Amino acid sequence: MQKFIYFFLFVFLLAFGTLIRAQDPMGLYYMETIPQSSFINPAMQPRANGFVALPSVNQNFKSDIAFKNVFQDVGSEWVSPLSKRYDFSKLKRATGKSIDFQESLDLGLFGLGFRSGRDYISINFGVKNVLQTGIPYDFISIADKGFPSGSVFDFSTLRLKGYSYKELALGYSREWNEKLTLGVKVKPLFGMVAGMTDINSFKLKTSRQVWDVTVSGSISSSAPIEVVEAEDSTDFPESVEFKDMDSDDWQGYFGSFDNMGVAFDLGGVYQFTPRWTFSAALVNLGYINWTKDLNTISFNGNYEFDGLYVNGSDEDMGDAAMDALEEDLKTIIDYDVSHKKFNTGLTPEFYAGALYEFTPSITMGVLARSMFQKHNFRQDFNFSANVQPYSFVSINLNYSVRPSGGNGLGTALSLLLGPLQIYAMADYIPTRYSTVNMDGDEFTMFPYTRNLSVKVGLNLIFGRHGYRDRPMLARNM
Amino acid sequence: MFKYIVMNISRLLKVGYFIVLIILASCKGDDIIINTDNPDDNRILSGALPAINFSYTIADGLKELADDRLSVGADGLLSFKSWQDVSIAWEELAAINDVNESWSYSMSELVAMSPAPPLKATGSISIQEKVKFNTDDEVRYDKGTFKNGDLTISIELSAGFSGPVTISIPEITPLLTETFNATGFDNSFSKNFSLAGREVNFAQGVDSSYVTLNIESSLSFSDIPSGQMKVDFDLADIETEILFGYFGQKQSSIINEVKSIDKMEEDFGLASFELKEISYTLHTNNHMGVPFNIEASNIRFNRVVDGIEKSELLTVNGVSKIEMEVDSATFGSPIQPASNSFRVHKDNSNILEVSNPFPEQIIIDILSSSNPQGNIPNTQNFIGNIDSLYAQLEIQAPVWLKAKEYTRKDTIDFDFRKIMDQDPENADLIESLAMYLDFYNKLPFSANANLFIADADGNKIEDVLSNFKSLLDVGTLNSEGKVLEAKHTDVVVSFDKSQIKKFFDQKAMFLILETKTSSYNNETEFVKIFEDAGLDVSISFEASGRIPSF
């Protein structure tokens with residue numbers, strides 16, 4: 001039974017912790033036969049004179065921990081965090097202050113692009129769903145020591161952030177000269193629903209005499225939620241409930257163009273020599289301004305629990321003490337309900353890469369990706385080989401490494417069946433699997449897998465032989 | 001072209017298939033063995049937790065006890081008072097008994113005329129008879145208003161007499177009068193009168209308070225007067241609303257009036273303390289217009305000491321008797337009762353000696369005497385609808401005491417196996433458990449305790465507190481004997497793994513608590529208990545234990 005609990009817990013965390021923005025697989029970066037490469041670097045000009053993007057799906061799972069972090073190899077066997085042989089310091093090295101679980105799901109609905117001289121113009125429309133959770137390591141550390149006297153737990157990294165929005169991406173790329181290509185994307189954003197926590201401080205100090213909780217932060221939402229304030233506006237709200245809505249209401253809700261935002265992608269490609277090309281991109285610089293159905297519950301205060309207070313004159317001492325405690329929790333912390341606008345920033349990503357061209361059909365690339373999040377910074381490196389053995393097929397094989405994180409193989413494949421392009425790609429494909437025997441029950445697990453990014457889609461490609469004046473054959477140097 | 005594409009795709013797929021097979025084979029890692037069902041390997045967690053702050057004051061205790069014998073004075077000092085109401089019946093003091101009088105008269109004498117009257121002549125009759133109400137010659141009734149009284153007057157005349165016969169009693173207001181008409185044939189008459197609401201102003205004679213029955217008649221007779229006239233006066237069910245007069249010197253007594261003082265030991269432990277002040281007060285309350293003399297004697301304070309009943313005699317000013325006089329009530333509307341009290345205290349009696357330890361019973365004989373000064377000229381007794389003399393016997397003591405090692409033993413249920421859900425593995429999970437008790441004592445008592453854990457037969461398994469560990473210390477007292485600032489003491493009750501295992505193995509069932517309580521400086525000082533005195537206890541825990549396997 002335990003194996004199912006652990007397995008599903010692992011899958012659940014992997015699947016439902018999410019990232020603020022769906023990251024495309026890094027293998028896409030140098031797949032110039034796939035127009036969506038411009039999603040990562042807007043300066044990238046696809047090797048097609050025109051395209052129509054048909055529906056695509058991009059799913060990204062990302063976790064700070066893998067199975068091997070949850071269970072540790074101690075030699076003859078693996079142990080769970082319940083075991084005294086489990087080394088929590090190793091877990092801490094893997095997670096930092098916060099264990100982040102991220103997931104996103106992008107649905108590309110429609111897009112098109114075309115070349116005009118040195119310029120490449122594209123437009124794409126899609127829906128993006130983002131969910132991100134952060135579990136403070138100190139929360140996990142309770143399983144290490146418990147609540148001994150003199151402990152300080154910092155739960156300030158606790159966070160939950162999720163939202164859905166529609167994105168219209170208007171891209172423009174221009175070859176400024178033979179060496180330099182620059183691109184920009186302007187992306188009007190239309191938020192649909194959002195909820196986020198913003199914890200400034202959340203600390204617990206324990207001692208035998210008193211437990212001291214300090215909390216400061218807010219929970220904001222732009223969603224059909226109704227908050228009824230308490231009689232004393234500084235007390236916890238009387239109720240927090242979803243509005244009663246039917247399917248038409250939901251359709252209208254998600255179809256609206258309220259909650260506007262904007263984001264920018266900037267990129268450049270520089271052909272240093274005929275074989276060496278360097279590129280960089282800064283994407284997702286933007287935010288969404290949430291203005292509809294707003295509720296923000298702010299809380300700020302300090303609560304010292306030094307025991308239940310039982311008075312000898314109370315006939316029902318236990319109930320009276322618990323009622324008093326509940327009342328304290330509602331009233332000692334200052335709450336405030338407001339309906340102010342709030343912003344959610346996207347997670348900026350910076351890409352820098354270098355590509356070496358062996359032949360026009362074989363290139364080798366290296367790519368660095370940096371992701372900037374609150375309480376978290378993630379760095380990935382990707383090494384790839386890109387092969388186009390035939391004009392209708394191109395393959396990418398890559399290997400990604402994240403310092404203090406995972407590593408894994410990736411690949412991308414593009415097939416052209418006439419103008420129809422089918423593409424699929426994945427990053428951090430599990431490279432090892434094991435049979436887990438947990439208390440006699442066996443199941444298969446990828447013990448080192450922390451991430452998995454998959455993207456599949458269809459395009460209609462026109463002028464697939466590519467560049468205006470660059471031959472597809474091997475150069476005769 | 002299409003064939004060419006298909007052929008190449010097929011070739012790619014074949015290559016890919018073999019690559020996948022190779023990769024899959026090479027990617028298979030070692031099997032991972034996880035055994036979570038190994039409790040001995042599980043981590044030990046520890047925790048510290050503030051649990052309960054318990055506050056208890058004397059006022060809380062009073063509320064819980066709901067004992068009206070305990071009260072709080074204006075200064076906040078707790079006081080004990082127990083009392084007993086005694087009713088001394090005096091219904092015979094001024095009771096008017098039934099009155100039955102009969103008279104018989106010879107008609108020839110009544111109407112005797114000389115010379116003899118002619119036939120069908122008339123003759124007048126006039127009779128006055130005194131009806132005495134007091135049965136005791138020294139008692140005098142002056143005036144009374146009747147609540148009840150059934151008077152029947154019967155007259156029987158010999159045949160041949162005719163004419164009206166009128167009776168009246170002039171002392172009764174409204175006037176009680178009636179006229180009968182004799183016809184010569186039907187000459188027996190009877191009349192019932194109710195005295196309810198009537199007032200009687202008794203006429204006074206020597207040793208007699210009486211009313212006068214007047215009989216007046218003018219009779220015709222057809223023959224020589226002969227025969228008799230019989231008169232009956234029957235007064236029954238007499239009840240007065242108020243009666244004035246002099247009711248004489250009488251006595252009423254109550255022997256062995258018992259006052260039990262319950263639950264002194266269980267609720268208060270007072271039997272084990274020495275009280276600084278005790279008073280015993282006899283209150284009397286007289287609603288009758290009669291002065292009394294009260295004599296309470298043979299006052300015994302009883303208690304059981306070491307299983308033996310012990311009785312001690314209260315002496316007041318050297319004798320075992322309390323005497324007091326009670327004035328008569330003042331007549332008016334309403335009647336103003338008279339009261340008097342006699343307080344027995346440490347300066348006029350041996351009450352401290354007989355009341356320490358506190359008694360469980362007080363037994364007393366009471367004798368009351370009316371008009372102790374006899375008949376005082378120009379004064380009247382009266383008695384209304386209350387014909388009892390009331391007394392209240394009250395023992396009262398401020399809780400001002402000293403106690404030297406008041407000891408008690410309590411048994412507390414502690415079924416350890418039940419707590420552990422009958423599973424030894426649960427007990428085995430506990431590595432250590434410590435309970436911290438921080439006492440803040442505002443009571444003028446210190447307490448020491450032994451605590452041990454016992455099995456179902458009371459056999460000791462393990463000492464928790466031994467050598468009468470100090471639990472409570474007394475803070476600084478002011479001149480009133482009041483604790484100015486709570487005194488803090490702390491006690492740690494801790495168990496290690498081996499002890500906990502022992503509790504389970506040896507089936508711990510009870511906590512046996514022995515406490516010794518002493519008042520502050522109990523050799524010389526008495527302490528006062530105020531309602532705001534009390535005890536605060538903060539309980540916190542530190543524990544460590546092994547995580548159970550799920």
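## How to read the model

Residues are numbered from 1 along each chain as its sequence is written, while chains are lettered from A and ligands numbered from 1 in the order in which they are written. Because the model is predicted, local features need pLDDT of at least 70 and side-chain atom pairs count only at pLDDT 80 or more, with totals for chains, interfaces and linings using all residues, and side-chain values use heavy atoms, leaving out hydrogens and water.

## Chain A as a whole

Let's start with the overall picture. Chain A holds six helices and 27 strands; these are DSSP runs numbered from the N terminus, with helices being H or I of at least four residues and strands E of at least two. Of its 477 residues, 52% are buried. Here buried means under 20% relative accessible area, exposed means over 50%, and partly exposed lies in between (1.4 Å probe, protein chains only).

A contact means heavy atoms within 4.5 Å. Among the contacts in chain A between residues at least 6 apart in sequence, 69% join residues at least 24 apart. The chain exposes about 21000 Å², and carbon and sulfur atoms supply 63% of that area. Accessible areas come from the Shrake-Rupley method with a 1.4 Å probe, and for residues only the protein chains shown count as cover.

## A buried serine

A:Ser384 sits in strand β21 of chain A, which covers residues 376-390. With a relative accessible area of 4%, this serine counts as buried. Leaving aside residues up to four places away in sequence, A:Ser384 touches A:Tyr30, A:Thr363, A:Met364, A:Gly365, A:Asn396, A:Leu397 and A:Asn398.

Patches are made of residues with over 30% relative accessible area and no salt bridge; like charges are joined within 9 Å, and nonpolar side chains (Val, Leu, Ile, Met, Phe, Trp, Tyr) within 5 Å. A salt bridge is a side-chain nitrogen of Lys or Arg within 4 Å of a carboxyl oxygen of Asp or Glu. One patch, of negative charge, gathers A:Glu231, A:Asp232, A:Glu238 and A:Asp334. Asp and Glu count as negative and Lys and Arg as positive, without His and the chain ends, and a charge is placed at NZ of Lys, CZ of Arg, CG of Asp or CD of Glu. A:Glu231 belongs to the loop between β11 (225-228) and β12 (239-242) of chain A, and is exposed at 84% relative accessibility.

The other patch is nonpolar: A:Val57, A:Leu107, A:Leu109, A:Phe110 and A:Val456 together have about 380 Å² of accessible area. Strand β4 (residues 98-116) of chain A gives the most to this patch, with three residues. A:Leu107 lies in that strand and is partly exposed, at 32% relative accessibility.

## Backbone details

Most residues other than glycine have a negative phi, and most peptide bonds are trans. A:Asp439, although not a glycine, has a positive phi of about 50 degrees. This residue is in the loop between β25 (434-438) and β26 (441-445) of chain A, where A:Asp439 is partly exposed at 27%. B:Asn521 also has a positive phi, near 50 degrees, and its place is the loop between β32 (510-519) and β33 (527-528) of chain B.

One joins B:Ser333 and B:Pro334, with omega about 0 degrees; B:Pro334 is in the loop between β21 (321-326) and β22 (338-344) of chain B. Another joins B:Asn356 and B:Pro357, with omega about -5 degrees, and B:Pro357 lies in the loop between α5 (351-355) and β23 (361-370) of chain B.
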